[in-house]
Amino acid sequence: MTTFNRRYHITTFGCQMNKADSERMAGILEDMGFEWSEDPNQADLVLYNTCTIRDNAEQKVYSYLGRQAKRKHEHPELTLVVAGCVAQQEGESLLRRVPELDLVMGPQHANRLQDLLEQVFAGNQIVATEPIHIVEDITKPRRDSTVTAWVNVIYGCNERCTYCVVPNVRGVEQSRTPEAIRAEMVELGRQGFKEVTLLGQNIDAYGRDLPGTTPEGRHLHTLTDLLYDVHDVPGIERLRFATSHPRYFTERLIRACAELPKVCEHFHIPFQSGDNEVLKQMSRGYTQEKYRRIIDTIRRYMPDASISADAIVGFPGETEAQFENTLKLVDDIGFDHLNTAAYSPRPGTPAAVWENQLSEEVKSDRLQRLNHLVAIKASERSQRYLGRTEEVLVEDQNPKDPAQVMGRTRGNRLTFFPGNIAELKGKLVQVKITEIRAFSLTGEVVVRQPVTI
Ligand code: SAH
Ligand code: SF4
Ligand code: F3S
């Protein structure tokens with residue numbers, strides 16, 4: 001007898017935290033007997049895991065949601081869920097806006113999905129947005145990749161950057177114990193995963209909320225200690241971490257990265273602005289000089305390290321001269337990659353109500369000028385790869401060319417080369433780079449010649 005399974009669909013917006021949460025929620029749904037449906041219109045349960053970092057991210061959710069709400073009128077058995085940061089921010093008011101919703105759940109509740117859905121199936125409409133202690137998940141995430149995996153190490157953020165909604169929607173910092181993190185990684189290694197990215201909105205805060213201090217008064221568990229702790233997990237060949245905060249980035253951490261062979265030479269350290277007055281208005285807690293010193297120190301220990309970051313243009317009150325300081329920083333540092341955004345006023349954040357907001361024209365003009373410079377600098381940074389041999393971890397087939405596979409260098413450059421995915425998936429391959437573009441590379445496998453002696 002074949003049983004008919006209910007089908008689910010998840011669309012994920014926003015950052016890696018959300019992607020990791022979606023993988024765990026998918027795992028829970030599969031445990032409950034649901035099957036994945038690529039097409040939301042064929043699914044019995046549709047879950048939007050949402051982002052509210054900028055207004056356009058939020059608006060996208062409403063347009064997707066509108067379509068499913070309509071479908072529910074013809075298919076009343078459809079279960080509609082909004083999870084993530086818009087859910088947390090809007091809470092009950094989302095129900096007023098979209099009464100067809102069955103469940104509105106904040107990010108801290110991701111691991112409780114089964115429990116919440118059972119209440120929905122009992123006939124309730126549920127809003128779960130109260131702050132809670134995040135429970136360790138016991139379900140297995142349904143991971144998108146079989147080669148690389150995300151592992152949360154700290155949830156939430158205790159910073160108060162004046163433009164940012166994250167602390168409002170993700171709550172206070174909660175670190176997982178080193179034991180729980182290691183156990184998850186051991187399991188990943190056993191299943192054949194090769195690369196782990198440790199995740200936190202402010203990963204440098206890892207361990208501050210865990211008990212214990214050293215005799216010198218330092219927290220017992222820091223990100224640096226964690227890297228040493230998990231470095232020997234069998235099977236895991238590469239380690240990355242994100243996102244770093246310049247305020248807390250230490251030389252001790254840089255030294256550990258240089259010392260530990262599995263930690264990749266790639267650092268994602270958002271600077272947001274290259275102007276000290278703007279940084280102060282943003283409450284970032286560092287100067288552009290300090291930021292430059294961090295990059296210098298990284299390059300002193302690891303001359304080839306790749307550096308990426310996030311930046312905001314058009315923060316309230318930003319003058320042309322202040323914006324030019326951002327251009328100058330980008331020009332001087334030479335980022336391998338930079339995520340750029342025009343400032344978007346977010347409800348519940350201090351800067352949103354300031355009177356010195358800039359016009360959309362000024363913001364989009366600055367964004368274009370910055371993006372132009374970023375592409376030029378990224379191309380320059382790619383130059384150094386030409387003719388070099390790089391270690392690439394093969395993740396997948398090139399979707400545009402089945403004769404090629406793709407993966408990433410240790411510096412996180414996407415790299416394509418001819419090869420058979422069935423043979424190469426999950427392998428570390430030496431690839432000679434023959435072609436470069438601003439944000440990706442092409443190469444060929446280096447065949448080792450036997451040496452006769
Ligand atoms: N925790 C990270 C960033 C998290 S949000 C950090 O501290 O850097 C991801 C990025 O979104 C930020 O780095 C910032 O560049 C951008 N961002 C956040 N709020 C924004 C806003 N209101 N308008 C435009 N961009 C924003
Ligand atoms: Fe937002 Fe600042 Fe926290 Fe990053 S550190 S998540 S920008 S408040
Ligand atoms: Fe967006 Fe929430 Fe991440 S607002 S950027 S999904 S923490």
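Student: Where is Cys 161 placed in the structure?
Tutor: This is a predicted model, where local features need pLDDT of at least 70 and side-chain atom pairs count only at pLDDT 80 or more, while totals for chains, interfaces and linings use all residues. Residues are numbered from 1 along each chain as its sequence is written, chains are lettered from A and ligands numbered from 1 in the order in which they are written, and side-chain values use heavy atoms, leaving out hydrogens and water. Helices (H or I, at least four residues) and strands (E, at least two) are DSSP runs, numbered from the N terminus. Cys 161 has its place in the loop between strand 8 (154-155) and helix 6 (166-170).

Student: Why does Cys 161 count as buried?
Tutor: Buried means under 20% relative accessible area, exposed over 50%, and partly exposed in between (1.4 Å probe, protein chains only). Cys 161 counts as buried because its relative accessibility is 9%.

Student: Which residues does Cys 161 touch, not counting those up to four places away in sequence?
Tutor: Contact here means heavy atoms within 4.5 Å. With residues up to four places away in sequence left out, Cys 161 touches Met 282 and Arg 284.

Student: And Cys 164, what does that residue touch?
Tutor: Cys 164 is also found in the loop between strand 8 and helix 6. Its relative accessible area is 17%, so Cys 164 is buried. Leaving out residues up to four places away in sequence, the residues that Cys 164 touches are Ile 53 and Thr 349.

Student: Which residues does the UniProt annotation "binding site" cover?
Tutor: The annotation comes from an unreviewed entry. UniProt positions are given in the numbering used here, feature names are shortened, and annotations may be inferred rather than shown by experiment.

Student: How many residues of each class are in the shell around ligand 2?
Tutor: The residues around ligand 2 (a heavy atom within 4 Å) are Cys 157, Glu 159, Cys 161, Tyr 163, Cys 164, Val 166, Pro 167, Gln 201, His 245 and Arg 284. Ala, Val, Leu, Ile, Met, Phe, Trp, Tyr, Cys and Pro count as nonpolar, Asp, Glu, Lys and Arg as charged, and the others, Gly among them, as polar. By class, the shell around ligand 2 has six nonpolar, two polar and two charged residues.

Student: How does the shell around ligand 3 divide?
Tutor: Around ligand 3 are Cys 15, Asn 18, Thr 50, Cys 51, Thr 52, Ile 53, Cys 85, Arg 170 and Gln 201. This shell divides into four nonpolar, four polar and one charged.

Student: What do the buried residues of helix 8 pack against?
Tutor: Six of the eight residues of helix 8 (residues 223-230) are buried. They are Leu 223, Thr 224, Asp 225, Leu 226, Leu 227 and Val 230. These buried residues pack against helix 7 (178-191), strand 10 (195-199), strand 11 (238-242) and helix 9 (251-259).

Student: What is omega for the peptide bond that joins Ala 242 and Thr 243?
Tutor: Most peptide bonds are trans. Thr 243 lies in the loop between strand 11 and helix 9. The bond that joins Ala 242 and Thr 243 is cis, with omega about 5°.

Student: What is phi of Gln 272 near?
Tutor: Gln 272 lies in the loop between strand 12 (266-268) and helix 10 (276-281). With a relative accessible area of 7%, Gln 272 is buried. Its phi is positive, in a residue other than glycine, and near 70°.
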